Amino acid sequence: MNDDKLPIASGRDTARGLFAALGRRRGLTAFALITLCAGVGAALVAPWIIGLLVDDITRGGGSLLPFGLALVGSLTVGAALTWAGRVLLARLGQGTIREVREAAFRAALAQPTARIEAAGTGDLVARLSGDVRAVGRVVEEALPAFLAALFGIVLSLAGMGLLDWRFALAALLAAPIQYLALRRFLRRSGPVYRTHRAVVAERGQRTIEAVRGVDTVLALRTEERHLDGIAEVSEEAIGLEVRATRVRNDFNVFLNGAELVGLSAVLLVGYFLVADGQVGLGAATAAALYFLGLFGPMGTLLFRIDELQDAGASLARLFGVIGLPSPTPRAGAASQRQGAIAVDGLGFQHRPGQRDLDAVSMSAAPGEKIAVVGASGAGKTTLARVVAGALPVGEGAVRHDEVEIAEWHPHDLRDAVVMLTQEPHVFAGSIRDDLALFTDADEEQMREAIVQLGADWILALPEGLDTVVGEAGLPLTPGQTQHLALVRVALAAASVVILDEATAEAGSADAELLDQAALAAIGERTGIVIAHRLSQAVSADRILVMHDGRIVQSGTHAELVAVPGPYAKLWEAWTAW
């Protein structure tokens, strides 16, 4: 794992964060624990009632009805209170997890985009989805069962002690074996769970990268290499799961041995005490029932520790995100943005020894439209992503409005620069909601932007702006998806617009319409267009031609086609095609 990976919180920091979240719900926490404890205690009155029944029978007692009613009452009250306690714990847990999830999401959004990109979106997605689900399952099932088992064990031992302290002492003979087994289990399982979580995140990252770049993967015929990479981490994850199962099975063997030792000790103590007349048969029976009743809670307690430890690993990953250093809050409104861009000697490499950008220098005046062209792999997208702040500056400097990009507050930078790629996302919900996610525009402004960009098809939909799109709504064509994204760009208040092949997926019928929409979306703002079609570059104020991570030509369309060079060759090939 490299240093760019998202951090994992220490056990102390995780506990501190969790207790702080629970501390904001003190009343609910206390009420839930008291209710659950009362429910477990009421149910544990049953063995004591059975012991009284046995004593009554040995004395030649008559009616069983009072004991039967008391037994039913004990179990009924215990079941009701236990159910209520579990419900309250679930409410407490879900509220806490919601707070942790939202805090992690907020912390992630507060980071510079380059920080998240460097860490890998797969890891972040795994934390905010898989880890949250894992903790949620534990909160719903394992945590209530664990606490009920813990209360059951404590109250059962207390009940045995009240019958005769020697019963409780005999039962505790199993404790050293259980303690050593648990300690051995935690020592062996902890690293396995932590490594498994990290491997699953790595598998997610590789899968996301392969899916995002599927066209490139297919074009370069590297499917097998990517599949082998995913298979490698998948096999590692499977191996860790098998290893965890083996550790749990070894743990189970020791638990069964501890139960045998404890039950044998309780029965022997009961036999000698009854034979000596120190306790009655009913007390011995109740003590044996209490210990037998410990089998389930003890197994639950120790085995749920397995799930709790897994959840703890997930919480540590979430609190690792929450603990990321966040930029200081903005002191006030950002200064007036002009849209000036200056790039000096920019260098960048995705991998050591591979120069994706090499001494790139360029500038854009406020309102200037620049098209960047070049063959695939020339560095166009990398340049766009560094200028947008999605990738860190490796060498040199990038300035927006004469301010180093690293000195910009992330929120200000996102407000100042909007970037649209060739794979825009349609957010689930109505088109109105989709557009409102990134702007405070009212309906009139939305309609104006839609008409200005020639996206009248939106207003012609069955419900207009209220038409539901996304996974559960009306499916949009790739061209419509890009058109909708361009409307979002038009509504954004950014001073710089970067379009990275934002109309590349358009078919021939949509190409001209979307090219015009892209120009309208930029408007009077500074624009950088990574041109998929050279027709997009013709109207630009200036064209930059890139090759092997360098800018090799710069000028207007008329200037560049008039001289022999890379652009003239590209234009000749384009017009001939």
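Tutor: Happy to! Two strands pair if DSSP finds at least two bridges between them, and strands are DSSP E runs of at least two residues, numbered from the N terminus like the helices (H or I, at least four). This is a predicted model, where local features need pLDDT of at least 70, side-chain atom pairs count only at pLDDT 80 or more, and totals for chains, interfaces and linings use all residues. Residues are numbered from 1 along each chain as its sequence is written, and side-chain values use heavy atoms, leaving out hydrogens and water.

Student: What's the strand order in the open sheet of 6 strands?

Tutor: The order is β6-β9-β10-β3-β11-β12, and the pairing is mixed. β6 (417-420) and β12 (550-555) each have a single partner strand, so one side of each lacks a neighbour in the sheet.

Student: How do β3 and β11 run, parallel or antiparallel?

Tutor: Parallel: 5 bridges join β3 (residues 369-374) to β11 (residues 542-547). V373 has V545 in β11 as its bridge partner.

Student: Switching topic, where is confidence lowest in the protein?

Tutor: In helix α5 (residues 113-119), with a mean pLDDT of 69, on the predictor's per-residue confidence scale from 0 to 100. Strand β10 (residues 526-530) is highest, at 91. The protein's mean is 82, with 94% of residues at 70 or more.

Student: And L52, which helix is that in?

Tutor: L52 sits in helix α3 (residues 45-58). L52 counts as partly exposed because its relative accessibility is 33%; buried is under 20%, exposed over 50%, and partly exposed in between (1.4 Å probe, protein chains only).
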